[in-house]
Amino acid sequence: MTENVMVAAGTVAVLGATGHTGRFVVAELLRRGLRPIAIARSAEALAAANFHEPEVLCRLATVDDEGSLMRALAGADALINCAGPFLDTADALAAAAVKSGIHYVDVSAEQPSVRSTLEKFNEPAREAGVAIIPGMGFYGGFADLLVTATLGDWASADAIDILIGLDSWHPTRGTRVTGERNKATRMVVSEGRLSPLGLPPAQKHWEFGYELGSQIVSEMPFSEIVLISRHVKTTELHTYLSTVALSDIRDEATPAPKAADPTGRSAQQFVVEVVARREGASRRTVARGQDIYAFTAPLVCEVIERLLGRQFSHAGAHAPSEILNAEEVLIALQPDHLAFEIAAR
């Protein structure tokens, strides 16, 4: 590995850079003209990732060694944490980002991690003049943006349903490890407050259109519940996921994602619908794309670019739509990464 502390402006550190999602993030940063710092625990992992220096700086650090983290972040303008389980990494990395005076974003789907980051780091981040956005992945921040765009000028809603349709879910090793680590009770918004998910989870049939057709979906909340509930007033907020996806991830024999195109994306298709209701009226948004892991990369990098460009309203720890224009972020992902339509508003 080579080392160079004279890092150009627009430099973004990526912890977990050698993982499945992390590699997509590094590639997307390069595509956008930003310089990545790829951070991993071992030189072997960095070598195997085959990053090209000097366009990608390669550095070693471990979460439990603050000194190594601070050295790895030298010269960075922002930090993207792709290293789950985030229950084990978010605290140390968000703290290191605040101490370094740089923005922090992670892609956690874990409700307890996102909730803790928002509560613990809001004031320190505000004092440091930086933004912290946890949960800015497919499961989490994506739905927060969609819900906010759907509501538009509505100040509140009676009920919001988020319906996630997948044709399959081949989980990465990181997803499986995180699932084993995160055993916390999942929360929804019911009767206007955060409440435990009812058991057994509710199910319904949903028509996802020509890509996925009719599917059975089961209630399965992720970190979007924590993010949305911070700034959206609604009596009910529920997330549903295709049972075919749940069957895949619960089967230990389901293989990891397999590349289906030159970019490394799998063939997996997703459709996410948001339906909001208020006083007898309803609004609906539909978003379509390919490969939830690959899609997380342009999503999080679009947010990072806006943070670096000071296109956010105020510092602190926030849900993305609290400090960014949700509809503008979604539109910016079209057409290469997302087909996005507000079908009724």
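## Two residues with positive phi

In this predicted model, Glu279 sits in the loop between strand 13 and strand 14. Its phi is near 50 degrees, a positive value in a residue other than glycine. Is Glu279 buried or exposed? With a relative accessibility of 69%, Glu279 counts as exposed, because the cut-off for that label is over 50%.

Arg310 is found in the loop between helix 10 and strand 15 (316–317), and it has a positive phi of about 60 degrees although it is not a glycine. Its relative accessible area is 54%, so Arg310 is exposed. As background, most residues other than glycine have a negative phi, and most peptide bonds are trans.

## Two cis peptide bonds

Where are the cis bonds? One runs from Glu53 to Pro54, with omega near 10 degrees. Pro54 has its place in the loop between helix 2 (43–49) and strand 3 (57–60).

The peptide bond from Gly84 to Pro85 is cis as well, and here omega is near 0 degrees. Pro85 lies in the loop between strand 4 (78–81) and helix 4 (86–100).

## A buried loop residue

Now to Gln268, which belongs to the loop between helix 9 (243–250) and strand 13 (269–278). Gln268 has a relative accessible area of 7%, so it is buried; the cut-off for that label is under 20%.

Which residues does Gln268 touch, leaving aside its neighbours within four places in sequence? Its contacts include Leu166, Asp167, Ser168 and Trp169. Gly289, Gln290, Asp291 and Ile292 are also in contact with Gln268. For a sense of distance, take Val300: this residue is 32 residues from Gln268 along the chain, and their C-alpha atoms are separated by 19 Å.

## The second largest pocket

The second largest pocket holds about 350 Å³ of space. It has 15 lining residues, and the closest to its centre are Phe24, Glu28, Thr263, Arg265 and His337.

## The chain as a whole

Stepping back, the chain has twelve helices and 16 strands. Its radius of gyration is 19 Å, close to the 20 Å that the globule rule gives for 345 residues, so the chain is as compact as a globular protein of that length. Taken along the principal axes, its C-alpha atoms fill a box of roughly 60 × 45 × 35 Å.

How much of the chain is buried? Buried residues account for 55% of the 345 residues. The accessible surface of the chain is about 14,300 Å², and 50% of it belongs to carbon and sulfur atoms. As for contacts between residues at least 6 apart in sequence, 72% of them join residues at least 24 apart.

Methods
Residues are numbered from 1 along each chain as its sequence is written. This is a predicted model: local features need pLDDT of at least 70, side-chain atom pairs count only at pLDDT 80 or more; totals for chains, interfaces and linings use all residues. Side-chain values use heavy atoms; hydrogens and water are left out. On a 1 Å grid over the protein atoms alone, a cavity is a set of points where a 1.4 Å probe fits but cannot get out, and a pocket is an open set with protein on both sides within 12 Å along at least five of seven lines; lining residues have an atom within 4 Å of a point. Grid points are joined across faces, edges and corners, and a volume is the space filled by probe spheres set on the points. Helices (H or I, at least four residues) and strands (E, at least two) are DSSP runs, numbered from the N terminus. The radius of gyration is taken over C-alpha atoms; the globule rule is 2.2 Å times the number of residues to the power 0.38. Buried means under 20% relative accessible area, exposed over 50%, partly exposed in between (1.4 Å probe, protein chains only). Contact means heavy atoms within 4.5 Å. Accessible areas come from the Shrake-Rupley method with a 1.4 Å probe; for residues, only the protein chains shown count as cover.
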